[in-house]
Amino acid sequence: SLSGPEQALHLKAQRTARVRVAQIRISEAPALRKGVQERDIYQALRRSLDAARGEFRQNYMTQTPGMVDYLHLEIVRSLAHDNEKLLGAGYPGPLA
């Protein structure tokens, strides 16, 4: 039930989330491995994840009501292998 422009914005947000998380996964592979081992990915990648979250919030979450936090979904899927507990207790969760 989304309009054409809203659908386009959602697709762009999804692509942006996938690319940004892939960049983090590649550029910070040793820190990611450490975070997975310690079950605290967020602490290991905090600077990069906070920056990505801020960008995503500004560029997408404020653009349309009902925007899905695709970045959070991609972080859980790609970095935490669908195990949100690996992100650690300090991870703030999905953007509101």
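The following legends describe close-up views of a predicted model.

**View 1. Helix 5 and the elements that cover it.** Helix 5, which spans residues 70-79, is mostly covered, with eight of its 10 residues buried. The buried positions in this helix are Y70, L71, H72, E74, I75, V76, S78 and L79. What covers them includes helix 1 (4-27) and helix 2 (29-37), together with helix 3 (41-44) and helix 4 (46-61). After helix 5 comes H81, a residue whose phi is positive, near 50°.

**View 2. The aromatic pair of Y42 and Y91.** Searching the whole structure gives two aromatic pairs. In the pair formed by Y42 and Y91, the ring centres are 5.6 Å apart and the planes stand at 70°, so the arrangement is edge-to-face, given that planes over 60 degrees apart are counted in that class. Because Y42 belongs to helix 3 whereas Y91 lies in the segment after helix 5, the pair ties together parts that are 49 residues apart in sequence. Y42 and Y91 are both buried.

**View 3. The aromatic pair of F56 and Y60.** The rings of F56 and Y60 form a tilted aromatic pair, with 5.1 Å from centre to centre and 40° between the planes. F56 and Y60 are four residues apart in helix 4, and therefore about one helical turn separates them. An α-helix has 3.6 residues a turn, so residues three or four places apart point the same way. Both F56 and Y60 are buried.

Terms used:
Residues numbered from 1 in each chain as written. Predicted model: local features only at pLDDT ≥ 70, side-chain atom pairs only at ≥ 80, totals over all residues. Heavy atoms only, no water. Buried < 20%, exposed > 50% of the residue type's maximum accessible area, 1.4 Å probe, protein only. Helix = DSSP H or I, 4+ residues; strand = E, 2+ residues; numbered from the N terminus. Contact = heavy atoms within 4.5 Å. Phe/Tyr/Trp six-rings, centres within 6.5 Å; stacked < 30°, edge-to-face > 60°.
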